[in-house]
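Colleague: I would like to go through the labels on this model and hear what each one rests on. Please set the value beside the cut-off each time.

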Amino acid sequence: MNYVGDTGKAEVARDLNTTGGKIDVIADMTLDSQLDIHASAGANDSDEASGGNSNADDQAAGQLNGNDTTGGGRTLPSADSKTNNANSSSSTESGSSGGSVGIAASVAVNAVIGGNQALVSNGADLTATGTVVVRASESIDAKSQADATSIDTSNGDVNIGAALALNYVSFDNTAQVGADSVLTGNGIQVQAVTTDSERNDFVATAYSIAGNDGSAGISASIAINVIDVDSQAVIKDSATVNSTGEVQVVAEHEMGMQGGSAAAAVSDVAAFAVTLTLNIVGEGTGGLKTIASIGDDDGDNNGATVHA
């Protein structure tokens with residue numbers, strides 16, 4: 001499994017004055033997290049999986065907190081809760097429960113959690129003869145893929161293939177001019193955007209196949225995207241912007257999302273195949289927000305001041 005927890009910040013918290021150019025407060029974040037898990041089994045494979053009876057959430061958490069490189073003590077989103085208590089009991093390794101039973105199960109959990117901020121805070125005043133830019137830009141790609149194959153056409157009795165892919169992204173991209181700050185320049189830009197012409201791509205795919213010439217082939221695939229990415233460009237109440245040029249307050253989020261699952265099962269007696277694909281957008285508090293504002297949206301009589 002992959003767990004990426006990262007934050008970036010560019011902040012000015014005291015007065016800054018330049019008489020010969022511009023002022024840039026820029027936070028730029030690029031993340032690319034991809035996970036691809038495979039499992040295969042035949043009827044004669046031996047059971048090498050430890051904790052084969054644990055569920056997918058327990059196994060993913062065990063991989064994360066049992067790995068010295070992750071630091072431990074992390075909490076992952078529950079795949080079980082995201083699928084409305086769908087059965088996620090599986091093994092991350094190939095295994096079998098007998099000479100005539102083949103089981104292949106793969107679980108891929110990709111979690112990207114963090115934020116990126118460009119801030120003018122603490123009532124700081126920024127003065128420039130050129131432009132003043134406060135920009136947070138992010139580029140995030142996240143992919144989770146799982147596939148499982150359990151095939152035995154020689155003496156198989158029961159073959160089971162199961163694949164679960166969970167792609168979870170929770171990220172805030174914020175450009176903010178705080179209360180009581182004064183920005184003065186020949187053009188003011190406050191931007192929370194996707195980097196240049198990039199697009200944030202989120203993908204979850206799961207594939208499974210099971211088959212034999214015996215009693216049963218059972219195959220199940222579940223692919224889930226849970227995406228909550230906020231982009232906010234805000235000039236807070238009591239802040240002042242003075243510009244001899246253009247004033248821009250821009251929030252933008254370019255996003256593409258793909259979810260796919262496929263399952264196939266064959267047997268001389270009985271074959272069962274089940275697939276489920278879920279794309280959940282705006283799962284967190286407030287949902288998927290893209291907001292550009294001058295002043296807070298709180299209904300009071302305070303506000304920001306712009307002279308341009």
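Colleague: What makes Ser 121 count as buried or exposed?

Modeller: This is a predicted model, so the values are computed from predicted coordinates. The relative accessibility of Ser 121 is 17%. Buried means under 20%, so Ser 121 counts as buried.

Colleague: Where does Ser 121 lie, and what does Ser 121 touch?

Modeller: Ser 121 is in the loop between β5 (101–120) and β6. Leaving out residues up to four places away in sequence, Ser 121 touches Glu 11, Val 12, Ala 13 and Ser 181. The C-alpha atoms of Ser 121 and Gly 178 are 4.9 Å apart, although 57 residues separate the two in sequence.

Colleague: How do you know that the side chains of Ser 121 and Glu 11 make a polar contact?

Modeller: The distance between the two side chains is 2.5 Å. A polar contact needs a donor and an acceptor among N or O atoms within 3.5 Å, so the pair Ser 121 and Glu 11 qualifies.

Colleague: Why is Ser 243 called buried?

Modeller: Ser 243 has 8% relative accessibility. The limit is under 20%, so Ser 243 is classed as buried. Ser 243 belongs to strand β13 (residues 240–243).

Colleague: Which backbone nitrogens does the side chain of Ser 243 reach?

Modeller: One is the backbone nitrogen of Gly 187, at 3.0 Å. Another is the backbone nitrogen of Gly 245, which lies 3.0 Å from a polar atom of the Ser 243 side chain. The cut-off for a polar contact is within 3.5 Å, therefore the Gly 187 pair and the Gly 245 pair both count.

Colleague: Why is Ser 293 called buried?

Modeller: Its relative accessible area is 16%. Under 20% is buried, so the label applies to Ser 293. Ser 293 sits in strand β17 (residues 290–294). Beyond residues up to four places away in sequence, Ser 293 touches Ala 233, Val 234, Ile 235 and Val 249.

Colleague: What makes Asp 196 exposed and Ser 238 partly exposed?

Modeller: Asp 196 has 72% relative accessibility. Exposed means over 50%, so Asp 196 is exposed. Ser 238 has 39%. That value falls between the 20% and 50% limits, so Ser 238 is partly exposed.

Colleague: Where are Asp 196 and Ser 238 found, and what is phi of each?

Modeller: Asp 196 is in the loop between β10 (188–194) and β11 (200–212). Phi of Asp 196 is near 45 degrees, a positive value in a residue other than glycine. Ser 238 is in the loop between β12 (216–235) and β13. Phi of Ser 238 is near 75 degrees, again positive in a residue other than glycine.

Colleague: How do you know that β6 pairs with β9 and with β2?

Modeller: Two strands pair if there are at least two bridges between them. Strand β6 (residues 125–128) and strand β9 (residues 182–185) have 3 bridges, in the parallel sense. β2 and β6 also pair in the parallel sense over 3 bridges. The criterion is at least two, so β6 pairs with β9 and with β2. Thr 127 stands opposite Thr 184 in β9, and Thr 18 has Ala 128 in β6 as its bridge partner.

Colleague: What is the order of strands in the sheet, and what makes β2 and β18 edge strands?

Modeller: The order is β2-β6-β9-β13-β18, an open sheet of 5 strands with parallel pairing. β2 (16–18) and β18 (305–307) each pair on one side only, and these are the edge strands. The twist from one strand to the next averages 5 degrees.

Colleague: Which residues are on the covered face of β6?

Modeller: Leu 126 and Ala 128 are on the covered face, with Asp 125 and Thr 127 on the uncovered one.

Colleague: Which residues have the most contacts inside the largest nonpolar core?

Modeller: They are Val 25, Leu 126, Val 134, Val 177, Leu 183, Val 190 and Ile 235, in a core of 25 residues. Another core, of 22 residues, lies apart from it and includes Leu 35, Val 109, Ala 146 and Ile 222.

Colleague: How many residues does the chain have, and what share is buried?

Modeller: The chain has 308 residues, and buried residues make up 46% of them. The chain contains 2 helices and 18 strands.

Conventions. Residues numbered from 1 in each chain as written. Predicted model: local features only at pLDDT ≥ 70, side-chain atom pairs only at ≥ 80, totals over all residues. Heavy atoms only, no water. Helix = DSSP H or I, 4+ residues; strand = E, 2+ residues; numbered from the N terminus. Buried < 20%, exposed > 50% of the residue type's maximum accessible area, 1.4 Å probe, protein only. Contact = heavy atoms within 4.5 Å. Axes fitted to C-alpha atoms, helices over the stretch in contact; angles between N-to-C directions. Core = buried A, V, L, I, M, F, W, Y, C linked by side-chain atoms within 4.5 Å.
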